Amino acid sequence: MFARILGLFPLALLFPIAACGSAGDAGGTAAAQENAVSIFASEEGVDTHSYARPLEARVTHVALDLNADFDAQRMVGTATLDLEVAEGAEEVVLDSKDLEIREVVNGDGETLQWEMGEDSGDAHGAPLTIRLGGATRIKITYASAPGAEALQWLEPEQTAGGETPYLFSQGQAILNRSWIPTQDSPGIRQSWDARITAPRGIRVVMSAEMLTPDGEPVDGEPGRLAYRFKMDEPVAPYLIAIAAGDIAFQQLGERTGVYAEPSMLADAAAEFEDLEEMVIAAEALYGEYRWGRYDLLVLPPSFPFGGMENPRLTFVTPTVIAGDKSLVSLIAHELAHSWSGNLVTNATWDDFWLNEGFTVYFENRIMEAVYGTEQAAMLADLGWTDMMEDVEAVGGLTAADTALHLDLDGRDPDDGMTDIAYEKGAVFLRTIERTVGRARFDAWLRDYFDRHAFQPQTSAGLLSDMRANLFEGDEADRIGLDEWVYEPGLPENAVHIQSNRFRAVDQAIENFVDNGSIAVINWPEWTTQERQRFLNGLPRDLSEERLETLDESFDFSEARNSEIRFAWLKLAIANRFDPARDSIEEFLLSMGRRKFVAPLFEALMEEGDWGAPLARRIYAEARSRYHSVTTGTVDELVDTGDD
């Protein structure tokens, strides 16, 4: 339904992709251009979640000039698109979701004909088709809808400061079409710039070079300031991101820093003080960091993800601030995306694992370099457990969704964003590393990022590159590349990294279950990962007395560490532990991170008369505080009870 038309034009007539390849390497750039076009024409390069037809006309640059209207909760203004147009092509097809299109003109201001197609009724929105009449630049005047799915507009009371409204966006996977009329496909990389105006007192930041960080006057509007931004490198359109509110900044290193609401800034800076060291460690592994600065933005609690790897400005949930740096592996993950995902991007969402599997592997290597081998081993071991839980959730090892390369045609691409893509992908790469040796694998991966910089990639393209540039002799056959990527399940040669420190935790679990003594629990000396292992490893049928002993001894219901609190509440719900009800409610009302929110609501609903009424009551209050990414999942879990 959403596939573009292939084979319409011979490759010889197609345009090159802009700004690809290594800087100053004309031969490399030409190869990159040819590679990108060949991906658009390949079977795996067909993006069924976009209406775009990039073999006819493709967006190469987006220039936004928008007013952030906090009263109407709309972005209003223009988007000017530069296009590469194949010979004979007469129109360009863009993605849109509930956009109000007011006018379309060419570069000379002449009106162009356009048509909004039928809305799909789901996340895909509707095609916006524009007759070009020879134009290679078009300007669209438009407004986003008040309920645009990518944007969350927060009232002052929903922020830490309580006095200033706040706006933030979340574009992955296909939500940016709800506020930017462009080709919203990860393989159609676009450079961009923006001018955003907002009321004075509200600072605007974006995932690009900030040209006017303090704002500049707006002619005729003394109550507003304009902020300008520039991203010279072509990026996947889901990585165009914005936030606006009472935002302060603190430098952390030569090219690193953190943005946050003023009341949160000191805690955030202390938590992330190792950020510059992480960047240095990442560069030592896989080459130059190519995006200039690497800053973090700590968002209000309703942000739906742990982090979002927007170039130059990673968006981060405040739930990662534990006070002891115990959850900073999330930051290592988002930093790793600067190579895997941002530099080399999955061409379609069927290959989401190309972003996340590589990033989990890379994240673990950063953590090993900065915090040690055992810390990395614990994280990898927990990841294996998460993977196996999601394998069970999708139907077991024979289920189609346990493959790395997925078929998401006709489905929301969000369906493919499971721990299987993250963790099985990382296990696959560890298995290759074990086969060829770390030194050879690292050399290949560093070279791979260089050769494919600023390009889209497919599973087929990756495996072809590995066979040509990594493997020797029968190594590829011994690993079973196609089985790993295209078949469901987990091959027998999978490398499972196991933590030695978890053996002691597992023994503590066994001892506590046997005799109920907390003396066997070395809680003060355990890391967050050991504590997670303990709570997640306890049986789901503990007595109320045992649960009370745990909560009274370790104060789980008030835990500041969000991962520990989450693990405890899952255990409490499974045991219908009444004293935890207040903690459940407070936790679900305090933030909107989907990783925590969705499983807890699901667990409550599964507990029938004990949990379902509580879930419905909490969600009725919390829903308006959550981003659409979270409500889109929880709406399917919490029924109204009207039946």
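Both Phe512 and Phe534 are buried, where buried means under 20% relative accessible area, exposed over 50% and partly exposed in between, with a 1.4 Å probe and protein chains only. The model is predicted, so that local features need pLDDT of at least 70 and side-chain atom pairs count only at pLDDT 80 or more, while totals for chains, interfaces and linings use all residues. Residues are numbered from 1 along each chain as its sequence is written, and side-chain values use heavy atoms, with hydrogens and water left out.

The structure holds 36 aromatic pairs, a pair being two rings of Phe, Tyr or Trp (its six-membered ring) with centres within 6.5 Å, counted as stacked if the planes are under 30 degrees apart, edge-to-face if over 60 and tilted for the rest. Phe441 and Trp444 form a tilted pair, at 5.7 Å centre to centre and 40° between the planes. These two residues are 3 apart in helix α8 (residues 438-451), and Phe441 and Trp444 are therefore separated by about one helical turn; helices (H or I, at least four residues) and strands (E, at least two) are DSSP runs numbered from the N terminus. Phe441 is buried, with a relative accessible area of 0%, and Trp444 counts as buried at 3%. The ring centres of Phe512 and Phe534 lie 6.3 Å apart with the planes at 65°, so this pair is edge-to-face. Because Phe512 belongs to helix α12 (residues 501-515) and Phe534 to helix α13 (residues 528-537), the pair ties together parts that are 22 residues apart in sequence. Arg546 lies over the face of Phe512, at 5.8 Å from the ring centre, by the criterion that CZ of Arg or NZ of Lys is within 6 Å of the ring centre and within 35 degrees of the ring normal.

The largest nonpolar core has 150 residues, and those with the most contacts inside it are Trp179, Phe272, Phe428 and Ile432; such a core is a set of buried Ala, Val, Leu, Ile, Met, Phe, Trp, Tyr and Cys residues joined through side-chain atoms within 4.5 Å. The largest share of this core, 10 residues, comes from helix α5 (residues 352-371). A second, separate core of 52 residues includes Phe512, Phe534, Ala580 and Met605.

In helix α2 (residues 262-271), the buried residues are Met264, Leu265, Ala268, Ala269 and Glu271.
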